[in-house]
Every structure is written in structure tokens, then in C-alpha cells.
Amino acid sequence: MSDITRRKFLTFAGLGAIGAVGFEARPWGLQYAGAAPLPTSGAGTTLEAVAVPLGDSGYRRLGAGPGWPTIVRTELAEARSGREDRRTALASLVQLTDVHLVDAQSPMRFEYVHPFTGSAFRPHETLTAQGLVALVARVNALASGPHTQRPFDAVVSTGDNTDNKEFAELGWFLTALNGGTIVPNTGAPDRYEGVQNSGADLYWNPESSIQDMYKKAGFPDIPGLLGAAISPVTSPGLRTPWYCVFGNHDDSVQGTVPSGIPPLEAMYTGSLKFEVPGSPEEAKTVDIATRFDPGAIPAALSAITTPARVVTPDPARAPFTPRQFIAAHLDPANTGPGPVGHGFAPDAGETGIGYYSFEIAPGVVGISMDSTNRAGFVDGSLGAAQFRWIEDTLVAGSSRYFDTAGNPVSQVRNDTWFVLFSHHTSGSMDNVVPDPSAPAEPRIRGSRLVDLLHRFPNVLAWVNGHTHENQITPWPGSTPEQSFWEINTASHIDFPQHGRIIEVVDNVDGTVSLLTTLFEADSPYSVDHTDLSPLGLASLYRELSFNDIHADPDLLGGTPDRNVELVLASGR
């Protein structure tokens with residue numbers, strides 16, 4: 001279990017409160033401007049209620065705590081009085097991120113390294129499909145932004161849509177967002193074959209009396225859970241056009257290991273699943289190899305001294321390539337509420353180009369980036385060609401911008417507001433290992449992208465995921481109009497399991513505001529553990545994620561990272 005500091009404990013203990021938590025951690029000094037006026041309707045969002053633990057210690061159930069207010073952040077521009085009466089809604093969008101649809105029975109997983117890397121096994125990972133269906137239901141129920149009531153223009157999923165780049169996981173993801181019935185099961189059609197009925201102390205065994213390490217932390221016995229988890233669940237599908245962004249788990253084996261290592265590729269569809277190494281040292285060797293030396297993984301696996309479990313092989317577990325991932329989105333059968341391809345260009349299945357631009361609303365354009373590196377590893381970067389394309393796209397939508405020397409440039413163009421989307425954050429884009437598909441192409445770090453965005457006053461925000469944490473960062477430019485906000489949102493697999501609404505408004509006073517509101521899935525905070533319906537399982541998904549022995553309270557973020565009004569100088 002990861003060490004929990006006093007600061008983390010206080011953060012988790014005060015989930016429903018607004019205090020000083022999160023304010024002191026910002027090196028740039030928060031300029032707190034008080035709470036904004038109440039929105040038209042906060043129902044169904046964290047403005048109304050927030051999941052909080054009941055009790056002080058041990059395994060805890062969840063209940064409804066007080067909602068979080070909207071905090072005005074003025075680091076980048078003044079919040080002028082009366083703007084609420086003047087403002088005009090320009091766009092309303094939803095960000096989902098890091099939903100990690102998991103094939104929890106796949107032989108190509110390293111769950112046994114979770115004592116070293118906590119994300120390798122989660123006690124709730126058999127319930128990701130039910131959790132995502134409940135999240136889709138919440139987006140549909142909300143339908144519009146709470147502050148402006150503007151109907152959602154777009155939903156953007158910012159990567160790690162799948163957990164281990166399997167065709168089975170991809171099919172579940174597409175069905176969840178487009179609508180239809182998911183059978184979240186691979187291998188044997190009539191039984192679960194994974195680590196949660198292995199009888200090993202390393203994992204939560206919900207249907208066994210064994211006192212595993214999770215039971216010792218208070219996890220319950222839930223008879224029938226695994227059978228219910230692999231039963232069909234029907235998604236209503238989104239009612240809003242949605243767009244897809246690549247994440248490292250959509251590109252690399254387990255989100256870190258590059259594709260193309262033959263023994264690992266064969267393991268996906270094989271019948272041998274390594275569940276318990278012979279010693280902690282054997283598990284540690286595999287963990288180090290997956291993170292730092294992928295080529296050493298086959299040797300590390302062959303050195304495991306305990307026998308593998310024989311499971312039912314399944315061709316649906318085969319790994320997809322980036323081109324196949326794109327092609328699946330372009331398949332007319334997967335159009336759902338649209339658009340065709342969900343942002344990817346019609347020929348992207350052949351070119352493999354995973355970045356594109358799209359109109360969020362009239363006058364507001366989204367730029368979807370592909371920050372993954374085909375060389376593998378967790379963090380990302382941009383190829384030089386994509387970086388040039390981003391610059392060209394920004395130039396094409398700007399009547400004024402600044403050159404690399406800081407000199408202003410004017411041209412006859414219609415101005416467009418830009419919101420950029422990627423999986424990786426500015427601080428997690430330092431993986432400049434050459435891309436094997438373009439080994440001569442330079443890779444661009446996140447810091448250079450920040451510098452590029454500072455040159456364009458029309459850039460409002462860079463929205464991303466990857467870190468599984470709520471964090472909003474101001475990026476001040478040389479002039480107020482050259483500033484922008486970086487908006488990072490928590491995942492939907494680790495607690496607090498949030499999505500985020502972003503409403504773009506013109507305050508008609510030389511400023512623009514981004515009104516961001518977090519929301520939770522449409523499932524009860526608590527149900528009886530005998531409720532194994534899809535809705536009951538979605539509720540349990542949240543509860544288990546809170547109680548995960550590897551849960552990190554810092555992922556919640558501080559008050560200024562949650563429901564906020566982000567003010568910017570518009571220069572117009």
C-alpha cells in the first residue's frame with residue numbers, strides 16, 4: 001500500500017468541504033476571488049452533491065456530501081462585475097478521460113506487480129463496463145451546461161479509452177458510447193477466469209472465504225459478483241456527437257510496453273495466464289522490465305517459477321494497431337450519434353494520422369492531438385510534423401498572433417477560438433525516444449507546445465488527462481491575451497471518477513470565461529452488496545475505487561481544480 005501522508009489524509013477526509021486544501025500547493029499563488037453566482041441548475045453535478053466516505057477508517061461506504069461551489073480564478077484576467085448578465089454562451093462540451101475499459105481476464109496482464117505499481121490491479125476492474133454505462137447515462141441526463149443551459153455541442157474522450165489495446169476492449173468502448181449491449185467477458189462464455197478467483201492472497205477474491213490482503217483491509221465477501229460482472233449490460237449511447245483522442249493505453253501494451261514483441265503478442269490470445277510469481281523478487285523483475293526495459297520482459301516472464309494458470313483462449317483479445325483503432329471508429333456501424341469517424345479523417349485508417357481539428361460550435365474549434373509515442377513508455381510527446389500542423393491550424397484561424405521572436409503578426413483572417421485536447425499533460429510530454437514508425441523525425445516536448453500556444457491569443461485552453469488527477473494550471477503569457485489555461489481531469493477508473501463540463505462564454509467586456517463543472521456517474525452512492533444489477537455494480541465500482549488499497553487522495557485535486565470559472569483576456 002502506498003504511503004499516505006498527513007496532507008493526503010486531510011484531503012481525503014475533507015472531500016465534501018471547501019477549505020484551504022489545495023491552495024498552498026500552488027507555486028504560482030492562487031488569486032482567490034470568491035464564489036461565482038449560482039448556476040441556472042447544478043442538478044446531477046458536483047455543484048449539487050459529492051460522494052464522501054461514511055466513517056473515519058477502514059473499508060467505508062459512500063454517501064452524498066455537500067456540493068462544491070464554483071470558484072472564480074483570476075490569475076490571468078480580472079473578473080469584472082456584471083459579467084453574468086452580459087455573457088453569451090459560445091460552446092458547451094464534456095470531457096471524459098481515462099475510462100480504461102479492462103479485459104480483466106486477459107493473459108497479457110501483469111496484475112502481480114501491483115505491490116510495486118498499484119495500477120496493475122484494481123479490485124473494481126471487472127466493473128469498468130458498468131461504470132462507463134452509468135457515466136454515459138449521466139451525460140445524457142445532464143444534456144446541457146449548468147451555467148448557460150446551452151446543450152452540449154460535443155463530448156471528447158481524451159485517451160486511455162481501452163486499458164490494454166485489445167479488440168474486445170475497443171468493441172466495448174465503442175458500444176458504450178454509441179449504444180448497444182456489451183458482454184464484458186472474454187474466454188469461457190460461462191465463467192470468469194482471472195485473478196479474482198485465483199485464491200491468491202495478492203488479490204481481492206470476492207466470492208471466496210480466503211482472507212486475502214484486501215479482505216484484511218476490510219473488503220467484503222460478495223457471492224455472485226464475478227458472474228454478474230461478466231453478464232450483459234446495455235448502454236443507451238451518448239446523445240451528443242463525440243470525438244476520440246489516443247492515449248498510451250490505446251497504443252502500447254499495458255500502456256507502457258511497445259508493440260511488436262512476439263512472445264507478448266502471442267500471450268494475448270494464448271491459454272496461459274501468469275497470476276502469482278514464485279517470489280516478490282520475480283514480480284519486481286517483471287515490474288522493472290515493463291517500465292524501463294521492455295525487451296527484457298520475455299526473459300523475466302520465463303524466470304517465473306510458479307506454473308501459469310490455463311485459461312480459455314480468445315481471438316477477441318488480439319491487440320489492435322493504431323490504424324486498426326482508427327479504422328474501427330470509421331466503421332459506419334460505429335457512427336452512433338456521429339460524426340463518422342469521431343474526428344479521425346476518412347483516410348486516417350490508412351495514413352495512421354491520429355490528430356485532427358473539428359468544429360465544437362460556430363467560432364470555436366477543437367484541436368485533437370496524438371501525444372502517444374509508438375516507441376512505448378508511459379509519457380508522450382509530439383512528432384515534428386504534427387507540431388507544424390498545429391501551428392498551421394492556429395495561424396489559419398488567427399487574424400493576429402506572434403512570431404517566434406515575439407513580434408506581432410497581422411493578417412486578413414476570421415478569428416477562431418481554439419481549445420486543444422490531448423491525453424498527456426504538459427508535464428508528462430518528455431518522452432522523446434524516436435518513434436520507430438518515423439525514426440528520423442524529432443519529437444517535441446510539452447514545454448515547446450506551451451511556448452507555441454502562447455503565441456496565439458485565440459487559444460483558450462489545453463484539456464487533457466493521463467495523470468488521473470484534477471488539476472488546473474494557468475499559463476500566463478508575455479501579454480494578458482497570450483495566456484491560456486491547462487485543464488487536467490481525473491480518470492474514470494480511479495476515484496474520484498469524474499467527468500468535466502466546460503462552458504465557453506464571452507463576457508462582452510474584453511474577457512472570456514471557461515466555466516468548468518465536475519460530475520459523477522449516474523449511479524447510487526451506496527447500494528446493498530446483494531444488488532448485482534448493472535446499476536448496483538456501477539455503484540460498487542465507485543465504492544471499491546474509493547477503498548482500493550492503492551487509492552491516492554491527491555487525485556481529487558484541490559478546491560481550485562474542481563468547479564471553477566477561469567477568466568481570460570479576450571483581446572477583442
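Figure 1. The peptide bond that joins Gly338 and Pro339 is cis, with an omega of about -5°. Most peptide bonds are trans, and most residues other than glycine have a negative phi. Residues are numbered from 1 along each chain as its sequence is written, and, the model being a predicted one, local features need pLDDT of at least 70 and side-chain atom pairs count only at pLDDT 80 or more, whereas totals for chains, interfaces and linings use all residues. Side-chain values use heavy atoms, with hydrogens and water left out.

**Figure 2. Confidence along the chain, and the stretch of residues 1–32.** The average pLDDT of the protein chain is 93, and 93% of the residues score at least 70; pLDDT is the predictor's confidence in each residue, from 0 to 100. Residues 1–32 have a pLDDT below 50, and in the model this stretch has 62 contacts beyond near neighbours in sequence, a contact being heavy atoms within 4.5 Å.

**Figure 3. The loop between β21 and β22, with Pro496 and Gln497.** Pro496 is found in the loop that links β21 (484–488) to β22, and the peptide bond from Phe495 to Pro496 is cis, with omega near 25°. Gln497 lies in the loop between β21 and β22 and, although not a glycine, has a positive phi of about 55°. With a relative accessible area of 3%, Gln497 is buried (buried means under 20% relative accessible area, exposed over 50%, and partly exposed in between, with a 1.4 Å probe and protein chains only).

Figure 4. Strand β22 (residues 499–506) has 7 of its 8 residues buried, so β22 is largely enclosed by the rest of the structure. Strand β5 (residues 88–96) pairs with β22 in the antiparallel sense over 7 bridges, two strands being paired if DSSP finds at least two bridges between them; Val94 has Ile501 in β22 as its bridge partner. The pairing of β22 with strand β23 (residues 511–519) is also antiparallel, over 8 bridges, and Ile502 has Thr516 in β23 as its bridge partner. A hairpin is formed by β22 and β23 with 4 residues between them, and in the turn Val508 has a positive phi of about 55°.

Figure 5. At 38% relative accessibility, Ala143 counts as partly exposed.

**Figure 6. The largest pocket and its lining.** The largest pocket has a volume of about 850 Å³. Of the 33 residues in its lining, Thr117, Gly118, Ser119, Ala120 and Arg122 are the closest to the centre of the pocket. On a 1 Å grid over the protein atoms alone, a cavity is a set of points where a 1.4 Å probe fits but cannot get out, a pocket is an open set with protein on both sides within 12 Å along at least five of seven lines, and lining residues have an atom within 4 Å of a point; grid points are joined across faces, edges and corners, and a volume is the space filled by probe spheres set on the points. Helix α7 (residues 280–292) gives the most to the lining of the largest pocket, with 3 residues. By class, this lining holds 7 nonpolar, 16 polar and 10 charged residues, where Ala, Val, Leu, Ile, Met, Phe, Trp, Tyr, Cys and Pro count as nonpolar, Asp, Glu, Lys and Arg as charged, and the others, Gly among them, as polar.

**Figure 7. The second largest pocket.** The volume of the second largest pocket is about 520 Å³. Its lining has 25 residues, of which Gly352, Asp370, Arg374, Asp435 and Ser437 are the closest to its centre. At least two lining residues each come from α9 (322–330), β14 (382–383) and α11 (384–396), and by class the lining of the second largest pocket has 7 nonpolar, 10 polar and 8 charged residues.

**Figure 8. The cavities.** A search of the whole structure finds 2 cavities of 30 Å³ or more. The largest cavity has a volume of about 70 Å³, and the residues that line it include Trp172, Pro184, Tyr192 and Ile230; its lining has 7 nonpolar, 3 polar and 1 charged residues by class. The second largest cavity holds about 30 Å³ of space, and Gln497 is one of its lining residues, as are Gly131 and His492. Helix α13 (residues 534–547) provides the largest share of the lining of the second largest cavity, 3 residues.
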